[in-house]
Amino acid sequence: MEKASKKKILKRIFKQLKGYTPYIILSVLMAIITVAGNLIIPIFFGDAIDLIAENGKTSFDEIYTDFIYIGIAIAVTCVAQWLLNIINNKITYSVTADIRKQAFEHIQELPLKYLDGHPYGDIVSRNIADVDQFADGLLMGFTQLFTGVLTIVSVLVLMFVLNWIVAIAVFVLTPLSLFIAKFIASRTYSMFRKTSEIRGEQTAMIDEMVGNLKVVQAFSHEDENMEKFDEVNSRLTKASLNSIFFSSLTNPTTRFINSLVYAAVALAGALTIIYPNVLPITFTIGNLSTLLSYTNQYTKPFNEITGVITELQNAIACAGRIYEVIDEPAQIPDKDDALTLENVKGDIKFDNVAFSYTADRKLIENLNLDVKEGQRIAIVGPTGCGKTTLINLLMRFYDVDEGGISVDGNDVRDVTRASLRRNYGMVLQDTWLKSGTIKQNIAMGKPDATDEEIIEAAKQAHAHKFIIQLENGYDTYISEDGGNLSQGQKQLLCITRIMLCLPPMLILDEATSSIDTRTELNIQSAFAQMMEGRTSFIVAHRLSTGKNDDLILDMKDGKIIEQGKHEDLIALGGFYNKLYNSQFAV
């Protein structure tokens, strides 16, 4: 997808902020009170200085009054500043929570094609690290940007009121700071984006390494992994240093300009006092004190704003990466009039189906298949022949490019995905468990199942024995990868899950591949009972398991080259016969 421009990303951010308009109005109001308080205080100090400086006319009552006003102004300003911070935090973290929710919801709606083509770590990095970086920039923008701009404008107006000559000098020197900030900021955006991308790459690598640590250690690939990590880490360090170095130039350069402004104000103000008859301006020592205080207030936001601009470049770059995920086309939604599959028998038909993951590489072409209710279909063939793809199409994880697939005469594209998948029970070679208790994992397909039903399903799947030996039995908490459970135990849990809900159609992809032979024999018996009257697709790598199936599909290069019962295919003496005999050759 084409990367959005900075302008488009900013428009998206402002659109995101619209829902928090009342809070933004309150934030603006508190910012105005804060700025007003900070501007009033120097006026009272200047007045007190003039009362002291005028010989013989010192009025302590008036000075005390000024200090009372100063105290009130400080108190009001502090309260307003405190409320401002609370409101800005509310806006910032509410917006980032909304964006995270949007991204997370959209990820669940993305087609598997996108998820299969992008590193999981990078997707995680966008939803966590990039959102955090965006939050930091947005918070600085609310906290310092508006207040800083308001301070600059207000101080400049008051300077013109106090001494228009000094104000002109300040006004002339100010653009230098803005020019330097803009010059550097325009060049750091791409640097911050590159840093975010490399950070995502590093997160993906760490995620992959941690998830496959046993494989890494088994093949002694620690050194190779370290070399790869060092290379990515080196690029991230270099990109981070470049972006931070160039962005950090703004602060010292603007500080230098601001020091010139302060010196110009002090000099011009002092000359106006020393030579009162040269210019038609009434200017006192108190006025100079106020003006110098204003100068500090005027220059300080420039330092803050340049820092904010740097953070905003990073925030916009990170927001762009988040919006890229949100803008990815979602899977084709269910039709408005989509049917809900109910009372499914299990008649499945493939009508001239064509499908490929990429346009330049054909996989399945002209696939025709008519499966009747209750039939057991074994799918066999060499690696990469399309067995798993067939499952993806059955579950509608992918949509066909041509032709159609129907269940009980209903095209799967005309029914809701949820009802289609609810009628399939699936056990894969790769187990999939979530963080939670054993009980919660078993009940995923039937959340309202009773404890008795769960235990009975576990007994049928021969999982009950190992479950009750766990520390907390069915209430034992496991992590997403199954914790300390063996691969066989994880697979037994997945089988138990299907035993519990028993949908009318089943998909078993090497469902007993990680289970010992004795347990497998028991499970095969349970499977036979479970599949009775249910349409079942069994992906088999061991061809001996398909001997008793109603139909065997022999696939090669995405096509069904042979189909029939085991005895018929052996008698043909074709590809299946060679494949079968090769597994038993001595």
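Colour by secondary structure to begin: the chain has 19 helices and twelve strands, taken from DSSP runs numbered from the N terminus (helices are H or I with at least four residues, strands E with at least two). This is a predicted model, where local features need pLDDT of at least 70, side-chain atom pairs count only at pLDDT 80 or more, and totals for chains, interfaces and linings use all residues. Residues are numbered from 1 along each chain as its sequence is written, and side-chain values use heavy atoms, with hydrogens and water left out.

Now show the surface. It comes to about 30700 Å² of accessible area, 58% of it belonging to carbon and sulfur atoms (Shrake-Rupley method, 1.4 Å probe; for residues, only the protein chains shown count as cover).

Next, select Phe160, Trp164, Ile168, Phe171 and Val172. Together they form a nonpolar surface patch with about 510 Å² of accessible area. Patch members have over 30% relative accessible area and no salt bridge; nonpolar side chains (Val, Leu, Ile, Met, Phe, Trp, Tyr) are joined within 5 Å, like charges within 9 Å. A salt bridge would be a side-chain nitrogen of Lys or Arg within 4 Å of a carboxyl oxygen of Asp or Glu. Helix 6 (residues 164–211) gives the most to this patch, with four residues.

Zoom in on Phe171, which lies in helix 6. Phe171 has a relative accessible area of 49%, so it counts as partly exposed (buried is under 20%, exposed over 50%, partly exposed in between).

Last stop: Asp230 in helix 8 (residues 222–248). Asp230 is partly exposed because its relative accessibility is 42%.

Methods
Buried means under 20% relative accessible area, exposed over 50%, partly exposed in between (1.4 Å probe, protein chains only).
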